[in-house]
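Thanks for coming. Please look at the structure as I go.

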Amino acid sequence: MSGSTAAEPEPVDETAGSRVVDRLDRIRHSRRVQAAGAAALVAVVGFLFVQALSAVGFFSESYQWGFFFKSLRDFFPITLYAGWLPFLDVQQYWAFISDRNLLFDPASFEQFVANPINFVFGTSLGIFSIFGEAGITLAIGFAGTILGFPLALLFGILGSERVTPFPLNFLFRSTMSAIRSIPALVWALIYIPLAGLTPLAALLAVGTDTIGNLGRLFTDELEEIEDGPIEAMETTGASRPQVIVFGMLSQVRTSFIAWTLYIFEINVRIAVSLGIIGAGGLGEILDVQQGLFQFTNAMATLLCIFLLIISVELFSQRIRSRLRADDEPMGLRELLFGLPQRLIESLAR
C-alpha cells in the first residue's frame, strides 16, 4: 500500500521547454542585431565626423599654438599681491569696465536721481542707459522680443492644423520657415540700408528672427493640446473663435509665456553677436578690443557679457518657476541667500 501512495514525477513538457529555448534564441539574436546596428551607426557617424573635420581643414591647418597661448596669457593678466603672491589682476578688468561704462553709467544714474520722472518719461527715455553698454544689448533683446511677439502669435496660431485646415496652415508655416532660414546676422545686413549699422538695425533683425522662431514654438505647442476641453466647448454650441480662445489658447497660455521668455534669453545672446558687426552694445566693444589685440579688455567685456546673460536667465527662470503651480514662490532674499543651500541639495541628489 505504501508504494502506491508515493508521489510520481510529473512528465516534462518538452514542447513548453522548446518554446522557452526558441524565445531565448530569438532574444539573443535580436540583441546581436541591435548591437550590430548600433556599431554600424557609430561607424557611420564617426566616418561623417572625420569627413566634416577634413572639410573644415582640421587635419591640414597650420596651428599657431605659440600665439594662441600668448593670447590666453593676455586674457588673464597676473600681478603680485603682497609683493610675492602671483594672482589674477582683477583690478585691470574693473578699470576697463568702469572706464567704458560697460555695466553702469554714473552720468545717467545722476540724471535719474536728480529728476526721475523726466528721465524715465521725458524725451530721452533713458532707463536702459543706466546700465551702460550692457543696457544697449539688453534693450535690443527685449524690444526685439516684444516687436516680434504679435506676428509670432498670429502666425503660430494660424500655422497650427488644429486651427487652420491643411493646406492653408502651410502658408503660415512656410512663412515662418522662410524667416528662420535666414540667420539674424543676415537680417541685420538686410536692414542696414534702412537704419544704417546701428542698434536699430539689430533690433529689427531680432524682431524678425523672433517671428520665425517663436511662431514655430507656438505652433508645435498647439499641436499637442488635449481634445477634451475643445470637444466640451463644441458640445455647448461655442463658436469657432470661442473654441480657439477658450478651448485651445487657455491650455497653452503658460507654455506660451515660458517659450517667450526662452526666446528673450536667446535674443539677448543674438544682440551680443550682432554687436560684433558694429550694431552697438557689448558685442561691439568686444570686437574693437579684439581688433586692437587688447585681450585683457576683451576678457573684461566677456565677463560683462557673462554677467548679463546669467542675470537674464536667472530672471527668466524665476518667472517660469512662478508659472508652475507646484512651485512655491521664492522671495528675493531667499533667492540670493539660499543659493548655497540649494547648490548643496542639488549636488546631493
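Helix 7 passes helix 10 in a right-handed crossing; a crossing is right-handed if the near helix is turned clockwise from the far one by less than a right angle, and left-handed if anticlockwise. Helices here are DSSP runs of H or I with at least four residues, strands are runs of E with at least two, and both are numbered from the N terminus. Helix 7 covers residues 132–158 and helix 10 covers residues 199–223; their axes come within 6 Å and cross at roughly 40°. Axes are lines fitted to C-alpha atoms, for helices over the stretch in contact, and angles run from 0 to 180 degrees between N-to-C directions. Helix 7 and helix 10 are therefore oblique to each other. Under 35 degrees counts as roughly parallel, over 145 as roughly antiparallel, 65 to 115 as roughly perpendicular, and the rest as oblique. The contact of helix 7 with helix 10 has 19 nonpolar residues, 9 polar and no charged. Ala, Val, Leu, Ile, Met, Phe, Trp, Tyr, Cys and Pro count as nonpolar, Asp, Glu, Lys and Arg as charged, and the others, Gly among them, as polar.

A word on the source. This is a predicted model, so to speak of local features we need pLDDT of at least 70, and side-chain atom pairs count only at pLDDT 80 or more, while totals for chains, interfaces and linings use all residues. Residues are numbered from 1 along each chain as its sequence is written, and side-chain values use heavy atoms, with hydrogens and water left out.

Back to helix 10. Helix 9, residues 184–195, has its axis within 8 Å of that of helix 10, and the two cross at roughly 135°. Helix 9 passes helix 10 in a right-handed crossing. Helix 8 also packs on helix 10 at about 135°, with the axes 8 Å apart, but helix 8 makes a left-handed crossing.

Which residues does a cis peptide bond join? Phe166 and Pro167, with omega about 10°. Pro167 sits in the loop between helix 7 and helix 8 (168–181). Asn101 has a positive phi of about 55° although it is not a glycine, and Asn101 lies in the loop between helix 4 (90–99) and helix 5 (106–114). Most residues other than glycine have a negative phi, and most peptide bonds are trans.

Last, salt bridges. The structure holds 7 of them, each being a side-chain nitrogen of Lys or Arg within 4 Å of a carboxyl oxygen of Asp or Glu. One joins Lys70 and Asp74, with the closest N and O atoms 3.5 Å apart. Lys70 and Asp74 are separated by about one helical turn, because they are 4 residues apart in helix 3.
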